[in-house]
Amino acid sequence: FNSRSGKNKFYYIIKELGYHLPFSIFGVASGILLIGILNFLVVSMDGVSRFPLAAEGLFHVFHPAHILFSAVTTTAMFWKHEKNLGKAVVVGFLGSIFICGLSDMLLPFIGGLLLGADMHLHICILEDPGMILSFAVIGVISGLLVRDDMVNSVKYSHSAHVFISSSASILYLLSFGVVDWVHSIGSIFLITIFAVMIPCCLSDIAFPLACAHNECGCRNED
């Protein structure tokens, strides 16, 4: 391990995380706004008792979409810095399935317990692996096809990634335990920030760059 290269990589990751912070906050706020509108429409038309069912259905749309976005971004970021196909595929799969599961399910589950909700742990990769793996495969393939000169636009795709992830996290909370979320919106916001920003930044930036070889040329990036 080259300490100088490792130090350069560390500072590059910190710089990238700083660039992505405003996009992350915007994505989380947009996700909360979307779920608030959905809550209003469902309650207005069908009554509050049917909202968890609608939220669960949407969760199973947003979570696979999150897997797809994450796999594309993670794979593309790694592939830019190291042209190793085997490692790129492994990093793409782990960075999407594992970290998205952490963001969309495990951390919201823990957050719901902290709010005092009677949470039910639902793990999509165990209950419907075919759906999750199909999105991950398409994402990894797409990430490998992204041109190197397009990877710098990842901060914009990161906004969409965080928006989808925040929506999935909130939908999980509402589907599997939390009932009166509007009156706990401050706590929900903090839980979502923690559940989304850290895993998404790990998936999009820190994880693929940490796995790339030390002489990846990070210090030469703008």
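Author: Rings of Phe, Tyr and Trp pair if their centres lie within 6.5 Å. That cut-off applies to the predicted model discussed here.

Reader: Which residues form one aromatic cluster?

Author: The structure holds 3 aromatic pairs. F59 and F176 make a pair, with ring centres 6.1 Å apart. Y172 and F176 make another, with centres 4.8 Å apart. The residues of the cluster are F59, Y172 and F176.

Reader: Why is the pair of F59 and F176 edge-to-face?

Author: Planes over 60 degrees apart count as edge-to-face. The planes of F59 and F176 stand at 85°, so the pair is edge-to-face.

Reader: How many residues apart are F59 and F176?

Author: F59 belongs to helix 2, residues 51-81. F176 sits in the loop between helix 6 (154-175) and helix 7 (185-211).

Reader: What class does the pair of Y172 and F176 fall into, by its planes?

Author: Planes under 30 degrees apart count as stacked, and over 60 as edge-to-face. Y172 and F176 have their planes at 45°. Both residues are buried. The pair is tilted.

Reader: Is L171 buried or exposed?

Author: L171 is found in helix 6. Buried means under 20% relative accessible area. L171 has 0% relative accessibility, so it counts as buried.

Reader: Which residues is L171 in contact with, leaving aside its neighbours within four places in sequence?

Author: Contact means heavy atoms within 4.5 Å. One of the partners is F59, which is also in the aromatic cluster.

Reader: How far apart in space are L171 and P108, C-alpha to C-alpha?

Author: In sequence, L171 and P108 are 63 residues apart. In space, the C-alpha to C-alpha distance is 9.4 Å.

Reader: Is F40 buried or exposed?

Author: F40 lies in helix 1, residues 3-46. With L33, I37 and L41, F40 makes a nonpolar surface patch of about 410 Å². Exposed means over 50% relative accessible area. At 56%, F40 counts as exposed.

Reader: What share of the residues of the protein chain count as buried?

Author: The protein chain has 7 helices and 0 strands. Its accessible surface comes to about 10500 Å², of which 70% belongs to carbon and sulfur atoms. Of its 222 residues, the buried share is 47%.

Reader: Of the contacts with a separation of 6 or more, what share comes from residues 24 or more positions apart?

Author: Along the sequence, the pattern is α-α-α-α-α-α-α. For contacts between residues 24 or more positions apart, the share is 87%.

Terms used:
Residues are numbered from 1 along each chain as its sequence is written. This is a predicted model: local features need pLDDT of at least 70, side-chain atom pairs count only at pLDDT 80 or more; totals for chains, interfaces and linings use all residues. Side-chain values use heavy atoms; hydrogens and water are left out. Rings of Phe, Tyr and Trp (its six-membered ring) pair if their centres lie within 6.5 Å; planes under 30 degrees apart count as stacked, over 60 as edge-to-face and the rest as tilted. Helices (H or I, at least four residues) and strands (E, at least two) are DSSP runs, numbered from the N terminus. Buried means under 20% relative accessible area, exposed over 50%, partly exposed in between (1.4 Å probe, protein chains only). Patches are made of residues with over 30% relative accessible area and no salt bridge: like charges are joined within 9 Å, nonpolar side chains (Val, Leu, Ile, Met, Phe, Trp, Tyr) within 5 Å. Accessible areas come from the Shrake-Rupley method with a 1.4 Å probe; for residues, only the protein chains shown count as cover. A salt bridge is a side-chain nitrogen of Lys or Arg within 4 Å of a carboxyl oxygen of Asp or Glu.
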